[in-house]
Amino acid sequence: MPNFFARILHKPPIAFPWIGFFHLIMLLFSVWSEMMSPFTLEGWIQPIWALLLFICWLFICDMKKWGAYGYLFLTLLSICLRFLLLSPSNAVIYSFCFYEVTLLFSFFVLVYFKNYD
């Protein structure tokens with residue numbers, strides 16, 4: 001495990017671990033905000049999105065190509081859900097709330113895509 005954490009800090013470009021830290025903060029905040037409310041599946045969709053994006057970003061920091069594919073897929077899925085769901089309330093519930101930021105981070109992933117293993 002220490003080798004994995006050393007790799008995700010030293011292998012990618014310098015901004016990638018900071019973006020990973022941002023994803024961790026988003027995950028912790030979304031879990032904390034949902035812990036105070038009663039359990040509903042719709043309420044825990046945002047923490048699940050944040051968890052999946054964080055896991056993909058960890059492997060992006062390890063320069064794994066499948067992590068990049070996963071992150072890009074989740075970003076595209078969130079954008080499609082945001083714009084294709086007919087009800088605005090459903091679009092807010094089922095898509096990731098920070099889809100604009102993940103779209104920006106996806107451009108960083110695409111710029112370094114040829115460097116992934």
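Student: Let us start with Y116: which residues is Y116 in contact with, leaving aside its neighbours within four places in sequence?

Tutor: Contact means heavy atoms within 4.5 Å. With those neighbours set aside, Y116 is in contact with F16, I60, M63, K64, K65, A68 and V109.

Student: What should I know about the model itself?

Tutor: This is a predicted model, where local features need pLDDT of at least 70, side-chain atom pairs count only at pLDDT 80 or more, and totals for chains, interfaces and linings use all residues. Residues are numbered from 1 along each chain as its sequence is written, and side-chain values use heavy atoms, with hydrogens and water left out.

Student: How many residues does the largest nonpolar core have?

Tutor: A nonpolar core is a set of buried Ala, Val, Leu, Ile, Met, Phe, Trp, Tyr and Cys residues joined through side-chain atoms within 4.5 Å. Buried means under 20% relative accessible area, exposed over 50%, and partly exposed in between (1.4 Å probe, protein chains only). Here the largest such core has 25 residues, and W57, I60, Y71, V109 and Y116 have the most contacts inside it.

Student: Which helix supplies the largest share of this core?

Tutor: Helices (H or I, at least four residues) are DSSP runs, numbered from the N terminus. Helix 3 gives the largest share, nine residues. At least two residues of the core come from each of helix 1 (2–10), helix 2 (15–35), helix 3 (45–61), helix 4 (65–84) and helix 6 (99–111).

Student: Where do the buried residues of helix 2 fall, seen down its axis?

Tutor: The arc is that of the directions from the helix axis to the C-beta atoms. The buried residues of helix 2 are F16, P17, I19, G20, H23, M26, L27, S30 and E34. They line one face of helix 2, because they fall within an arc of 165°. Helix 1, helix 3, helix 4 and helix 6 are among what covers them. The face turned away from the buried side of helix 2 carries the exposed residues W18, F29 and M35.

Student: Does V31 count as buried, exposed or partly exposed, and what is V31 in contact with?

Tutor: V31 has its place in helix 2. Its relative accessibility is 26%, so V31 counts as partly exposed. Leaving aside neighbours within four places in sequence, V31 is in contact with W44 and P47. V31 and I48 are 17 residues apart in sequence and 8.9 Å apart in space, C-alpha to C-alpha.
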